[in-house]
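Please open the model in a viewer and keep the sequence panel at hand. The stops below proceed from the whole chain to single residues.

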Amino acid sequence: MENIYFLMIMALIVLAVADLVVGVSNDAVNFLNSALGSKAVSFRTIMIVASLGIAFGAIFSSGMMEVARKGIFVPGEFYFNEIMIIFLAVMITDILLLDFFNTLGMPTSTTVSIVFELLGAAVAMALIKIGADNGSIGDVLNYINTQKATEIILGILLSVVVAFSVGALVQYVSRVLLSFDFEQKAKWVGAVFGGFALAAITYFIFIKGLKGTDYYASIKPMIEGKTLIIVTISFIVWSLLSYISIVVFKVNIYKLIIIIGTFALALAFAGNDLVNFIGVPIAAWQSYEAWVVSGVPATEFSMDVLSKKVPTPTLFLVGAGLIMVLTLWLSSKAKNVVKTSIDLSSQEDTKERFEPHWLSRNLVKLTINISDYTNTVIPRPVLNKIEKQFKKPVIKLSKDKSHELPAFDMVRAAVNLMVASVLISIATSMKLPLSTTYVTFMVAMGTSLADRAWGSESAVYRVAGVLNVIGGWFFTAISAFVAAGTVAYLIHLGGATMIAVLLLLAVLLLSRNYIKHVRKSREIRTEDTLNKAESGSIHGVIEESADNISKALKRVGKINSTTINGLINQDIDKLKKAKNTVIKLENEVEDLQNDIFYFIKDLDDSYLGASKFYIDIIGSLQDVAQSSSLIAKVSHKHVNNHHKKLKKKQTEELIDINDKLLALFKRISEVFDSRTFDRIVPDIIDSKKELLEEVKESIKKQVERTRESDSTSPKNTTLYFIILLETKDLIQACMNILNLYYEEHDNQSAE
């Protein structure tokens, strides 16, 4: 029997390592997004600083491990065999749930996961015990540490409101004082801001943060009851050091705050969140050691031992910190999660990842109304002064660089790091496993709102994104509770066999998600993605647009072939793939359209002719994408609704048209790849006219078949006409592109 529990401990250790990897991939957003979004320092520097913060934070996190042992349930109410089922159910559920959210690229909370998994598994085991003893369902409260559990859950929920509000307030005040031209302010202004920020970070991280650890006892006599004195002295010292650094050493104080803040937030993250990854396995290991020494049967050994304070071996903490640091450097999934937070807080226009809905629209409308009312109350001179502070500087992009700018400036990055690290450290000092994801994300959203990053062009999208992420957090809580309870019940029923099955299932699912992630990453790297125009000359625009046209037509050819084959063979999977692929193409063309404003703004006066050519090309590309999209969508809908298959004649005509269309796309791509635009007329234009006539002839034949036959299906006929008409539009859009290029090529040759 002892061997079974030893194997369970080994399984928990393996799961702990996997959970560390998955958890850090998810939580990297917590301490990387501010530094990465502001582009204040190099990526390598950010990673080194964050790694050091994680390493130190892991060592100082021992005190938080008590949450896994007695924070959610009452250990003395369970026997050793039952506690092992709870712990194993929690770890299996946790790793699968976090990997699922990582794969989606959504930041979720490891703290919420572990809290509700412990709660779900403990409730399930309590109900099993109550059922066996014929007890009342109300007895379940005897098994749960309701006071502490309620305190933790309310703390997590309250952190959403507090983090958003504090982040918005501090950012608003900072912006009013510093403006967007903060680097042009007097040196003493930067020094005071640096003193305030660094004093807050160092006090709460290195003093309040230590309160939850075993190291606090040695410094307690020096700081107890002296908060105001310490903060005041710290502010003065840091302000002086900041001023000296700015004046003497020419240091950018905002970069320094971001570097120290990244270290502090990574330290706070590791100190607060390490319990989420290894707290349960360590509690299981300590339970196992106590049981082995006792000599009492597993079904009779009460787990009162977990109620006592048991120090966590430093070796475990160091090992966990090392794994977290390696994961931070090696995990590609972490980048997906970071992107969501940066996109939603970006100061510049970016590709919006979420669609607006009624709630986001109404919240934005309410906010606008409140803002309009506030503007009528505040005196006009005060409003004008505030507006001046929020005026953004114009950034002129050089012609040889891309349009990629920092998502936000260094003031906002510094506030994000300062506020988040302070809030998390306060919670850590109170031994509350506050959700670092909730805090950092909501602080970032609060500062974005205060900084007016959510303008009329993006507000409904950003608010929808925030609501979606928050909805995902609630989904995490419910899923974690139900899933952990279910897994605990299954282990109780199936014993060792069920444990083996669940572990195998976990390995298979993790492997499958990893393979899918690698495959998707490889596809993204190799795919012919459309690129924005960066050149300001007509010749440069011709060159850059030629690549986009070649790429687009190659992709449209593949999409059309997949659609036609899927339609003929009634293959719904192929049609679904074609529909999803063409949506991605449409989104890329839409991105090019959204960039037209910035393209025109960056043009020199002597090259304004390039704008009309570029606009016409993008418009024709959109026509191509839309025609291909409609063909894919109506074909998918037709087969998905189980309508009648195409007739033999229809199939033959479609195959013939598609083959000729593919051949034509190939020839056009060759012309655009080689830049041999003189081949457009008459070589390709004539071929296009022939194909266009063939499509028109097929339309005429279908009209005759419809009039002559009584058995023709209305749905079938409608589908066929749509495909032919959209194919005709697609060919005409291609002809427009070819004519544009040939005319411009002629003009260039004449010059």
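Begin with the whole protein chain of this predicted model. Of its contacts with a separation of 6 or more, 86% join residues 24 or more positions apart. Colouring by secondary structure shows 25 helices and 0 strands. The chain has 751 residues, and buried residues make up 51% of them. Its accessible surface comes to about 34,400 Å², with 62% belonging to carbon and sulfur atoms.

Next, colour the chain by pLDDT. The mean is 82, and 84% of the residues reach 70 or more. Select helix H10 (residues 227-247), where confidence is highest at a mean of 92, and then helix H13 (residues 333-345), where it is lowest at 55. Continue to residues 397-404: pLDDT stays under 50 over this stretch, for which the model has 14 contacts beyond four places in sequence. Where pLDDT is low, the predicted coordinates should not be read in detail.

The tour now turns to a pocket. Which residues lie nearest the centre of the second largest pocket? Select Thr367, Ile368, Ser371, Leu449 and Ala450, which hold that place among the 29 residues of the lining. The elements that give two or more residues to this lining are helix H7 (146-178), helix H14 (358-377), helix H15 (380-389), helix H17 (436-450) and helix H18 (459-526). Of these, H14 gives the most, with 9 residues. The volume of the second largest pocket is about 980 Å³. Its lining divides into 20 nonpolar, 6 polar and 3 charged residues.

Select Ile207 next, in helix H8 (residues 187-208). Is this residue buried or exposed? Ile207 has a relative accessible area of 17%, and therefore counts as buried, the limit being under 20%.

The last stops are two loop residues. Select Lys39, in the loop between helix H2 (29-38) and helix H3 (43-59). Its phi is near 50°, a positive value in a residue other than glycine. With a relative accessibility of 42%, Lys39 counts as partly exposed.

Finally, move to the loop between helix H22 (609-640) and helix H23 (648-674) and select His642. His642 is not a glycine, yet it has a positive phi of about 60°. The relative accessible area of His642 is 72%, so this residue is exposed, for which the cut-off is over 50%.

Methods: Residues numbered from 1 in each chain as written. Predicted model: local features only at pLDDT ≥ 70, side-chain atom pairs only at ≥ 80, totals over all residues. Heavy atoms only, no water. pLDDT = per-residue confidence, 0-100. Helix = DSSP H or I, 4+ residues; strand = E, 2+ residues; numbered from the N terminus. Contact = heavy atoms within 4.5 Å. 1 Å grid on protein atoms, 1.4 Å probe; cavity = no way out; pocket = protein on both sides within 12 Å on 5 of 7 lines; lining within 4 Å. Points joined across faces, edges and corners; volume = space filled by probe spheres on them. Nonpolar A, V, L, I, M, F, W, Y, C, P; charged D, E, K, R; others polar. Buried < 20%, exposed > 50% of the residue type's maximum accessible area, 1.4 Å probe, protein only. Areas by Shrake-Rupley, 256 points an atom, 1.4 Å probe, with all protein chains shown as cover.
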